[in-house]
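This report describes selected packing features of one protein model. Please consult the sequence and structure shown below.

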Amino acid sequence: KKLIVWLRRDLRLRDNAAIAAAVETGAEIICLYVLEEHAKLRGLGGASLWWLDKSLKSLRSDVSSRGGKLICRKGDPGAVVMDLVKEIDAAGVYWGRRYGRAERDIDGHLKETLANDGLCAESFTTALLTEPWTIKTSSGGYYKVFTPYWRAVKTCYEAPAPFPAPEKLGGQGIDGDRIEDWGLHPTDPDWSSGFDDKWTPGEDGAVARLQRFLDNGLREYKSARNRPDLEDGTSGLSPHLAFGEISPAQIWRSVTSKINHGFKQDDSAWTFLSEVVWREFSYVLLYHNPEMTRKNYNDRFDSMPWRPNASRLERWQKGQTGYPIVDAGMRQLWTTGWMHNRVRMIVASLLTKHLLTPWQDGEAWFWDTLVDADPASNACGWQWTAGSGADASPYFRVFNPITQGQKFDETGEYVRKWCPELAGLPDKHLHAPWEADQETLEKAGVTLGETYPKPIIDHSEGRQRALEAWDTLKKQE
Ligand code: FAD
């Protein structure tokens with residue numbers, strides 16, 4: 001008999017509960033990936049498609065090294081899966097769960113169809129440490145505040161033993177699309193050269209990235225995680241996690257095993273795991289509030305007097321705001337498909353507060369340009385910064401892009417790398433070039449308004465506007 005394992009956001013063979021359970025049955029395992037076309041599903045952004053292309057090719061080679069073939073098909077997911085079931089007379093389908101409303105509806109419907117045909121359909125936890133409905137507060141609800149949620153996870157979570165990777169896979173002789181024919185890689189223009197320099201998508205790349213971080217980054221994580229200039233200040237695991245090339249349980253096991261073996265910087269290690277749990281927390285919120293990818297979690301923000309402005313949004317997107325730390329971040333994003341977390345907060349604050357732009361516009365840009373674009377973490381990150389989220393940063397907390405730059409990019413290395421036109425400025429003026437005198441600017445080859453933009457809005461004015469907008473909200477209550 002044959003069993004299909006439908007791989008989605010868990011593109012790996014190791015520590016994959018769905019694959020391991022399928023192997024246990026003794027059936028021939030057929031690994032399937034579907035490029036889903038469905039009106040209710042949000043299409044992947046350009047950067048994610050770039051990643052998917054490489055990740056699938058890596059998976060294809062991992063599957064074939066076990067004698068199998070990764071079957072790739074395109075179309076309405078339910079129909080594609082059922083067609084394959086019938087074509088190969090499969091006994092059923094196994095998969096790892098996903099948590100968005102549309103995805104759950106599609107999977108639920110498929111489960112029903114399979115059951116009606118007397119076939120098996122089983123789902124497993126492959127993308128998270130724990131299912132979003134399992135950890136509850138003492139009153140029985142879900143957690144809406146991170147710190148107690150983290151405490152609960154830390155106390156009660158124990159990673160299961162790793163699920164063994166399959167030794168042998170099937171699928172030879174079954175038709176599928178060539179990944180190359182899906183056109184996932186950008187052409188005309190190909191903007192991805194900076195991505196190639198930074199990333200190795202696929203399961204082996206993920207495991208190597210974790211190892212590199214354990215060796216070079218974990219020790220100092222607690223203090224280095226806020227330094228965007230450091231290459232190994234954070235793990236860089238987010239796109240691997242977003243595509244499920246590594247499981248959060250693998251990370252948990254590796255880090256806790258270090259702690260249990262006397263790792264001295266256990267403070268750093270726990271801080272790192274707590275960040276991994278922020279991802280879980282985002283999924284708890286998404287699961288219980290499926291609309292939060294587009295709608296304010298806190299509906300008080302529904303009457304926020306936003307002032308959307310297309311040309312300002314474009315300057316922000318292109319890294320031309322005149323605030324060096326913001327522009328550095330937006331250019332890092334465009335060039336590599338990733339931005340440091342501290343800088344994500346700064347750019348998001350500038351957009352939603354100084355520029356009074358709805359957070360959804362920023363979320364959409366990130367969705368298109370991030371290799372780690374993730375429905376839960378992206379919506380939560382934006383709503384957190386905008387103030388509309390659960391356990392959010394209060395709206396009146398307006399990040400100051402100048403002092404944030406000075407504090408977290410003290411040596412200016414990050415800004416100099418991404419805004420090379422400012423590299424000649426002394427550290428003192430790097431984060432506020434307009435404060436430098438004419439002679440300093442000339443010496444550095446900077447002409448404001450020509451070689452580098454003047455600030456898109458004066459900081460105090462932007463801050464004031466944001467606070468006034470907030471006041472009008474409060475008055476409406
Ligand atoms: P590390 O510091 O090494 O953390 C390890 C892992 O923990 C990360 O890989 C990630 O999976 C998880 N993590 C860390 N911080 C957070 C966080 N604040 N929220 C949720 N998970 C976290 N993360 C995404 O994965 N996808 C997104 O689309 C996304 N959009 C964001 C948008 C905004 C506006 C903000 C402020 C944050 C967003 N984040 C998003 C969270 C965070 O910025 C990234 O997860 C982090 O920068 C990834 O880098 P890293 O892997 O080196 O992180």
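## Helix packing

At what angle do helix α13 and helix α17 pack, and how far apart are their axes? Helix α13 (residues 324-336) packs against helix α17 (residues 401-408) at an angle of about 70°, and their axes are 8 Å apart. That makes α13 roughly perpendicular to α17 (65 to 115 degrees). Axes are lines fitted to C-alpha atoms, for helices over the stretch in contact, and angles run from 0 to 180 degrees between N-to-C directions. Helices (H or I, at least four residues) and strands (E, at least two) are DSSP runs, numbered from the N terminus.

Pro324, Ile325 and Val326 of α13 meet Pro401, Gln404 and Gly405 of α17 (C-beta atoms, placed from the backbone, within 7 Å). This contact of α13 with α17 comprises four nonpolar, two polar and no charged residues. Ala, Val, Leu, Ile, Met, Phe, Trp, Tyr, Cys and Pro count as nonpolar, Asp, Glu, Lys and Arg as charged, and the others, Gly among them, as polar.

## Basis of the model

The model is predicted: local features need pLDDT of at least 70, side-chain atom pairs count only at pLDDT 80 or more, and totals for chains, interfaces and linings use all residues. Residues are numbered from 1 along each chain as its sequence is written.

## Sheet

Five strands form an open sheet in the order β3-β2-β1-β4-β5, with parallel pairing (at least two DSSP bridges between two strands). From one strand to the next, the twist averages 25°. Strands β1 (residues 2-7) and β2 (residues 28-36) pair over six bridges, and Ile30 in β2 is the bridge partner of Ile4.

Key
Parallel < 35°, antiparallel > 145°, perpendicular 65-115°, else oblique. Contact = placed C-beta atoms within 7 Å.
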